[in-house]
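Here is a short briefing on one chain. Look over the sequence and the model first, then read the points below.

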Amino acid sequence: MAERAGDATSSGGVAGFELPLLLFAGFRSIIDEMHRELAVQGHPEVRPAYGYALQAVGLDGATASELGRRLGVSKQAAGKTVERLEGLGYVERADDPQDGRRKLVRLSPRGIDVLARSAAGFDRVRAEWVRVLGAERVAALESDLRTMAAADAFRLDASSWFNG
């Protein structure tokens, strides 16, 4: 008897569509927990897309064009993101010491603070997963995901990828 789309497959009785949904749900639970923590720690306005943008700015700074390329968005879209982040105090614009005609977007002390708090928060969330699932299972999960993920899968343009 042929199976209908969406029915469980012969691979253990689990439908193939469940894997990406479960991976996304795990990702979403980690990100949501992180943002709850950041809100309590004085960063209630930070959104997931801002984290990608702040990572793309990096410690050395970037021009709006570079930011657009790193995030997979237009220079104009990157400029709007910079305006929002600047208005919230997470970045500042400065003259590029290499080229006086260009402006660099740099992390402000507040931007550095939120990234440091995020890093510590991700460590806490991972520790909770280890507490619940065990160190061996979490390490195996991470190893398996590294094996299955494409070499270029970790890119900062995830926000534009989700938005189409």
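The mean pLDDT of this predicted chain is 86, and 85% of its residues reach 70 or more. pLDDT is the predictor's confidence in each residue, from 0 to 100. Because the model is predicted, local features need pLDDT of at least 70 and side-chain atom pairs count only at pLDDT 80 or more, while totals for chains, interfaces and linings use all residues. Residues are numbered from 1 along each chain as its sequence is written, and side-chain values use heavy atoms, leaving out hydrogens and water.

**Confidence**
- Helix α5 (residues 109-133) has the highest confidence in the chain, at a mean of 96.
- Helix α7 (residues 158-163) has the lowest, at a mean of 52.
- Where pLDDT is low, the predicted coordinates should not be read in detail.

**Layout**
- The chain has seven helices and two strands. Helices (H or I, at least four residues) and strands (E, at least two) are DSSP runs, numbered from the N terminus.
- From the N terminus on, the order is α-α-α-α-β-β-α-α-α.
- Among contacts between residues at least 6 apart in sequence, 50% join residues at least 24 apart. Contact means heavy atoms within 4.5 Å.

**Burial and core**
- Of the 164 residues, 29% count as buried. Buried means under 20% relative accessible area, exposed over 50%, and partly exposed in between (1.4 Å probe, protein chains only).
- The largest nonpolar core has 22 residues, and Leu 54, Leu 67, Leu 85 and Val 91 touch the most other members. Such a core is a set of buried Ala, Val, Leu, Ile, Met, Phe, Trp, Tyr and Cys residues joined through side-chain atoms within 4.5 Å.
- Helix α2 gives this core its largest share, six residues.
- Val 91 has contacts that include Leu 54, Leu 85 and Val 105, not counting residues up to four places away in sequence.

**Helix α3**
- Its buried residues are Leu 67, Gly 68 and Leu 71.
- They sit on the same side of α3, because they cover an arc of only 100° around the axis. The arc is that of the directions from the helix axis to the C-beta atoms.
- Just after α3, Gly 72 takes a positive phi of about 75°.

**Glu 37**
- Glu 37 lies in helix α1 (residues 18-40).
- This residue counts as buried because its relative accessibility is 16%.
- Glu 37 touches Gly 121, Arg 124 and Val 125, not counting residues up to four places away in sequence.
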